[in-house]
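This briefing goes through one structure by topic: the ligand shell, the nonpolar core, the helices and several loop positions.

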Amino acid sequence: MQPTIQPVSGRPVAPPLIGGEIPLIDVSAYLAGVPGAAEKAAAELRYAFENVGFYYLAGHGVPQKLIDDTYEAAARFHAQPMEAKLAVKVDEHNIGYMPIAQKAPPNAAAQGKKPSQNEAYFLRRERAADDPDVISGRRFHAPNKWPAELPGFRETTLEYIATLEKLCQKLVKLYALALDLPETFFDACFAKPHMILRMSRYPQIDGTDETVESLVPHTDSGFMTLLPPNKVQGLSILLPDGRWMDAPGIEDAFVVNGGDILHRWSNERFLSTPHRVRNVSGQIRYAIPFFCDPDHDTMIECLPSCQSAERPAKYPPIKFGDYALWFAAQRYGHMAKVQAPSEAEIAPGERATSRWQA
Ligand SMILES: O=C(O)CCC(=O)C(=O)O
Ligand SMILES: [Fe+2]
């Protein structure tokens, strides 16, 4: 059944639903500047986030060759000897190589889950050694840790990051419209966004063992996650009615989801939906998710359009950088020892809906 969607302005619209559930939103007309296209895409986006928390993004303009090259770069990185990967081991800025975890995150462990079966390499915005933020040691503002022996790796990954950064800067205008805000509302805090490219390698897992996952059920922490089309399946999302749904690969369409910061900022109006990965495909699976977040100093304070007398703000304001540090410290073993904001500083107010994070 087609959903009824309230228009942002003009006529109601109804996006196609993949698998009967996940909206497919084509932004090509919006990116081409067609009048009315932003409002149409924003209405579809609003439907996606109020009902599912995930959508397929078509018409994004990212060249398939760049996506293919970046997948190949991920495979090349992980094909290196362990010694070369450990030479760029992940640091306290969450940059570098992270081996397969020894321990599951607390919430997943409490559900009897073993550690996620994936290794990952993280890149952030490229920064020079003389960048003032690098010199002052500002958290999450460190230089990337480049592999020594991979010609072309740096060029490809930086082009992928730059291309997705530009795309996200256009998409946030739709997010603003979808939240009944002026189109330019998020522009300043995404002028130089926090960005993470995660290059994950998932070995096969034993599909009969329910305690082992390639990536344990979790919500993403940030504002926006973009997953380019993946030839190897494995991602499932937890629908609001409690069913796990395999997210099919759609040619030319990114899978996009919101994270906990979007959920918090929107006073829980926009969903941050749990998802997981199980690689039972019979082959190694790679993923190259791109996480795009507001800049470090952005105050995440209930959006003006998401509160009312009936629906007061559920969360106290928090600076994005503090939130990101708290999250990393509780999620990642290598960050556990850094001084981070306490649970009490980040914790939602009493009105927040208790939700599950892994
Ligand atoms: O590998 C995938 O398809 C999803 C990865 C993911 O959810 C994540 O890295 O947060
Ligand atoms: Fe995720």
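Which residue follows H7, and is its phi positive or negative? Asp180 follows H7, and its phi is positive, near 60 degrees. The model is predicted. The points below are grouped by topic.

**Ligand 1 and the annotated span**

- Around ligand 1 are Arg198, Ser200, Leu215, Asp220, Leu227, Asn230, Leu235, His275, Val277, Ala287 and Pro289.
- This shell consists of six nonpolar, three polar and two charged residues.
- At least two shell residues come from each of strand S6 (194-202) and strand S12 (275-277).
- An unreviewed UniProt entry lists residues 192-294 as "domain: Fe2OG dioxygenase".
- In the model, the span 192-294 is 6% helix and 38% strand, and its end C-alpha atoms lie 8 Å apart.

- The largest nonpolar core has 89 residues, of which Ala42, Leu45, Tyr55, Leu174, Tyr175 and Ala178 touch the most other members.
- Helix H7 (residues 153-178) gives this core its largest share, 12 residues.
- In soluble globular proteins, nonpolar side chains tend to be buried together.
- Apart from neighbours within four places in sequence, Leu45 has contacts with Ile25, Tyr55, Leu174, Tyr175 and Ala178.
- The 26 residues of H7 should span 38 Å at 1.5 Å a residue, and the distance of 37 Å between the end C-alpha atoms agrees with that.

**Helix H2**

- Helix H2 (residues 37-51) has 15 residues, and its first and last C-alpha atoms are 21 Å apart, close to the 21 Å expected at 1.5 Å a residue.
- Because 12 of its 15 residues are buried, H2 is largely enclosed by the rest of the structure.
- The buried residues of H2 are Ala38, Glu39, Lys40, Ala41, Ala42, Ala43, Glu44, Leu45, Arg46, Tyr47, Ala48 and Phe49.
- The cover over these buried residues includes strand S2 (22-26), helix H1 (28-31), strand S3 (54-58), H7 and strand S11 (254-258).

**Helix H9**

- Helix H9 (residues 320-331) has 12 residues and reaches 16 Å from first to last C-alpha, close to the 16 Å expected at 1.5 Å a residue.
- In H9, Phe320, Gly321, Tyr323, Ala324, Leu325, Trp326, Phe327 and Ala328 are buried.
- These buried residues pack against S6, H8, strand S14 (290-293), strand S15 (299-300), strand S16 (318-319) and helix H10 (343-346).

- Most residues other than glycine have a negative phi.
- Asn267 is not a glycine, yet its phi is positive, at about 55 degrees.
- Asn267 belongs to the loop between helix H8 (260-265) and S12, and it counts as buried because it has 20 C-beta neighbours inside 10 Å.
- Glu268, also not a glycine, has a positive phi of about 70 degrees.
- Glu268 lies in the loop between H8 and S12, but it counts as partly exposed because it has 19 C-beta neighbours inside 10 Å.

**Other loop positions**

- Ala104 is in the loop between S4 and H5 and is partly exposed, with 19 other C-beta atoms within 10 Å.
- Beyond its neighbours within four places in sequence, Ala104 is in contact with Ala109, Lys113, Lys114, Pro115 and Val216.
- The C-alpha atoms of Ala104 and Leu171 are 33 Å apart, with a separation of 67 residues along the chain.
- Pro105 is placed in the loop between strand S4 (96-98) and helix H5 (106-110), and it is partly exposed, with 19 other C-beta atoms within 10 Å.
- Pro105 and Gln330 are 225 residues apart along the chain, while their C-alpha atoms are separated by 7.9 Å.
- Ala148 is in the loop between helix H6 (132-135) and H7, and it counts as exposed because it has 9 C-beta neighbours inside 10 Å.
- Between the C-alpha atoms of Ala148 and Lys85 there are 9.7 Å, and the two residues are 63 residues apart along the chain.

Definitions and conventions:
Residues are numbered from 1 along each chain as its sequence is written. Chains are lettered from A and ligands numbered from 1 in the order in which they are written. This is a predicted model: local features need pLDDT of at least 70, side-chain atom pairs count only at pLDDT 80 or more; totals for chains, interfaces and linings use all residues. A residue is near a molecule or strand if its C-beta atom, placed from the backbone, lies within 6 Å of it. Helices (H or I, at least four residues) and strands (E, at least two) are DSSP runs, numbered from the N terminus. Ala, Val, Leu, Ile, Met, Phe, Trp, Tyr, Cys and Pro count as nonpolar, Asp, Glu, Lys and Arg as charged, and the others, Gly among them, as polar. A nonpolar core is a set of buried Ala, Val, Leu, Ile, Met, Phe, Trp, Tyr and Cys residues joined through C-beta atoms within 7 Å. Two residues are in contact if their C-beta atoms, placed from the backbone, lie within 7 Å. UniProt positions are given in the numbering used here, feature names are shortened, and annotations may be inferred rather than shown by experiment. The expected span of a helix is 1.5 Å times one less than its number of residues.
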